[in-house]
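Here is a short note to read beside the model. Take the points in order and find each residue as you go.

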Amino acid sequence: MGLMQIPRRVDYGLRAVIYLAAQETDRCCSIAEIARQQGVPKKFLEKIVQELVRGGVIKSKRGSSGGYQLARAPEAISFCDVIEAIEGPIAVNACMDHLLGCDQIPRCMMIGVWSEVQNKITEVLSRTTIAALKRSACGISSASSSLSSAA
């Protein structure tokens with residue numbers, strides 16, 4: 001069975017952001033702590049965290065109580081923000097990457113399908129915030145039911 005997979009870097013980045021969102025507002029976490037708590041290789045996480053800092057998703061704080069924390073409220077960070085900070089713009093197929101393009105587009109019969117798939121995926125990832133995960137874990141609705149209602 002063929003899978004459309006989320007890259008491991010994105011999975012680890014989302015885990016780190018979700019972990020940071022669960023902390024007290026002013027608390028900073030070290031990469032070692034996040035890696036240990038989330039079962040992520042520390043060296044790999046270091047690179048991902050730097051991309052999340054560059055992307056404005058998390059921020060670093062120096063000093064004895066330093067480390068990393070969210071740069072914005074969990075309500076203001078979407079899955080799309082995290083993914084694009086790590087991977088760049090979302091493209092479900094190479095032809096949907098505006099930088100790569102495709103010389104077949106003028107006569108391609110699949111472009112409409114790829115475009116619709118990309119729009120749906122981007123819409124779900126953009127409206128799913130880190131805060132929504134916390135609510136669904138504690139509340140009545142689940143992420144899977146909200147995703148299925150979007151289809």
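1. Contact means heavy atoms within 4.5 Å. In the protein, residues 24 or more positions apart account for 57% of the contacts with a separation of 6 or more.

2. A word on the source. This is a predicted model, in which local features need pLDDT of at least 70, side-chain atom pairs count only at pLDDT 80 or more, and totals for chains, interfaces and linings use all residues. Residues are numbered from 1 along each chain as its sequence is written, and side-chain values use heavy atoms, with hydrogens and water left out.

3. Now the overall layout. The protein has seven helices and two strands. Helices (H or I, at least four residues) and strands (E, at least two) are DSSP runs, numbered from the N terminus. The order from the N terminus is α-α-α-β-β-α-α-α-α.

4. Buried means under 20% relative accessible area, exposed over 50%, and partly exposed in between (1.4 Å probe, protein chains only). Of the 151 residues, 33% count as buried.

5. Two packed helices are described by the angle between their axes and the distance between the axes. Axes are lines fitted to C-alpha atoms, for helices over the stretch in contact, and angles run from 0 to 180 degrees between N-to-C directions. Angles under 35 degrees count as roughly parallel, over 145 as roughly antiparallel, 65 to 115 as roughly perpendicular and the rest as oblique.

6. Start with α1 (residues 8-21) and α2. Their axes come within 10 Å and cross at roughly 105°. The two helices are therefore roughly perpendicular to each other. R15, A16, Y19 and L20 of α1 meet E33, I34, Q37 and Q38 of α2.

7. Is E33 buried or exposed? E33 sits in helix α2. E33 counts as buried, because its relative accessibility is 12%. Leaving out residues up to four places away in sequence, E33 touches Y19, Q23 and R27.

8. Next, α2 (residues 31-38) packs against α3 (residues 42-54) at about 120°, with the axes 9 Å apart. That angle makes α2 oblique to α3. I31, A32, I34 and A35 of α2 make the contact with K42, L45, E46 and V49 of α3.

9. Last, look at α5 (residues 111-127). Its buried residues are Q118, V124 and L125. They lie on the same side of α5, because they cover an arc of only 135° around the axis. (The arc is that of the directions from the helix axis to the C-beta atoms.) On the other side of α5, E116 and N119 are exposed.
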